[in-house]
Amino acid sequence: MSEQRGPRERMVFSAAQLIRRQGVAATGMRDVVAHAGAPRGSLQHYFPGGKEQLVNEAVGWAGRYAGRRIARFLAGLEEPTPSRLFAAMVAQWADEYAADGFAAGCPVAAATAECAFAGGSTREAVAAAFTTWRTPLAEALAGLGVPAARAESLATLMISTLEGAILMARAEQDVGPLTTAVRELGPLLDAAVAPAP
């Protein structure tokens, strides 16, 4: 994380990184401050709503990050197709696991697993984060020729398949579920592209 970012931004980023490794419950506010290299007194200043506010903002950051990655994945494809876009989304995780092991998952999924049952603002934050990710993905699919009526459904399918494969890969300590997801979902995604007139 760039040192040019202020303490508030660093704490939101750090919270997201810690949540993706150890979950919401195990992520303490002091841990976030230490990870961010921020002054301890800044917590109350920037997050008067306490841990719930910080978690919600970290989840929101993660949703925006995932949504922005869609355009970068597309830009990196020589011949963009829905299956290649999905493969790029999955490769990000497979590459991370190959380089760093299976310690980290998606912070949005972690917050969902721990907080969605309770309702309230964190459930709303995770729902909004998934929407923030799904919307640009659906737009990208429509841009690749998937009819708009189907693009959002396929975006939901892609995200849910990826999240499930991430969980299985971490449990099995193997990227096999990720590669299986790409192999099996790819043809279905490409078949959704409308024929050229």
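**A loop residue and the fold around it**

Tutor: Begin with Gln173, which sits in the loop between helix 8 (148-172) and helix 9 (176-191). Keep in mind that this is a predicted model.

Student: What is the phi of Gln173?

Tutor: The general idea comes before the case. Most residues other than glycine have a negative phi. Gln173 is not a glycine, yet its phi is positive, at about 55°.

Student: How many helices and how many strands does the protein chain have?

Tutor: There are nine helices and zero strands. Read from the N terminus, the order of elements is α-α-α-α-α-α-α-α-α.

Student: What should I take from the surface and the charges?

Tutor: Two totals will do. The accessible surface of the protein chain is about 9,800 Å², and carbon and sulfur atoms account for 56% of that surface. The chain carries 18 positive and 19 negative side chains, with 6 Å between the centres of the two sets.

Student: How many disulfides are there?

Tutor: A disulfide is a covalent bond between the sulfur atoms of two cysteines. The test applied is that a pair of cysteine sulfur atoms lies within 2.5 Å. By this rule the protein chain has zero disulfides. Cys106 is in none, and its nearest cysteine sulfur, belonging to Cys115, is 13 Å away. Cys115 is likewise in no disulfide, with the sulfur of Cys106 as its nearest, at 13 Å.

Student: Are these cysteines buried or exposed?

Tutor: Burial is a matter of a threshold, namely under 20% relative accessible area. Cys106 counts as buried because its relative accessibility is 9%. Cys115 is buried as well, with a relative accessible area of 13%.

Student: Now a helix residue. Where is Leu141 found, and which residues does Leu141 touch?

Tutor: Leu141 belongs to helix 7 (residues 120-143). Its relative accessible area is 0%, so Leu141 is buried. Not counting residues up to four places away in sequence, Leu141 touches Pro82, Val146, Ala151, Leu154, Ala155 and Met158. Pro82 shows how sequence distance and spatial distance can be read side by side: Leu141 and Pro82 are 59 residues apart along the chain, and their C-alpha atoms are separated by 6.3 Å.

Student: Which contacts does Ala138 make?

Tutor: Ala138 also lies in helix 7. Beyond its neighbours within four places in sequence, Ala138 is in contact with Ala151, Glu152 and Ala155. Ala138 counts as buried, since its relative accessibility is 12%. For a distance within the chain, take Ser160: Ala138 and Ser160 are 22 residues apart in sequence, and 13 Å lie between their C-alpha atoms.

Student: Is Asn56 buried or exposed?

Tutor: Asn56 is buried because its relative accessible area is 15%. Asn56 lies in helix 4 (residues 50-75). With neighbours within four places left aside, its contacts are Ser121, Thr122 and Ala125.

Student: To finish, what can be read from Ala181, and how far is Ala181 from Glu114?

Tutor: Ala181 is part of helix 9, and its relative accessible area of 9% makes Ala181 buried. Apart from neighbours within four places in sequence, Ala181 is in contact with Phe86, Thr161, Ala165 and Gly186. Ala181 and Glu114 are 67 residues apart in sequence, and their C-alpha atoms are 25 Å apart in space.

Terms used. Residues numbered from 1 in each chain as written. Predicted model: local features only at pLDDT ≥ 70, side-chain atom pairs only at ≥ 80, totals over all residues. Heavy atoms only, no water. Helix = DSSP H or I, 4+ residues; strand = E, 2+ residues; numbered from the N terminus. Areas by Shrake-Rupley, 256 points an atom, 1.4 Å probe, with all protein chains shown as cover. Lys, Arg positive; Asp, Glu negative; His and termini not counted. Charge placed at Lys NZ, Arg CZ, Asp CG, Glu CD. Buried < 20%, exposed > 50% of the residue type's maximum accessible area, 1.4 Å probe, protein only. Contact = heavy atoms within 4.5 Å.
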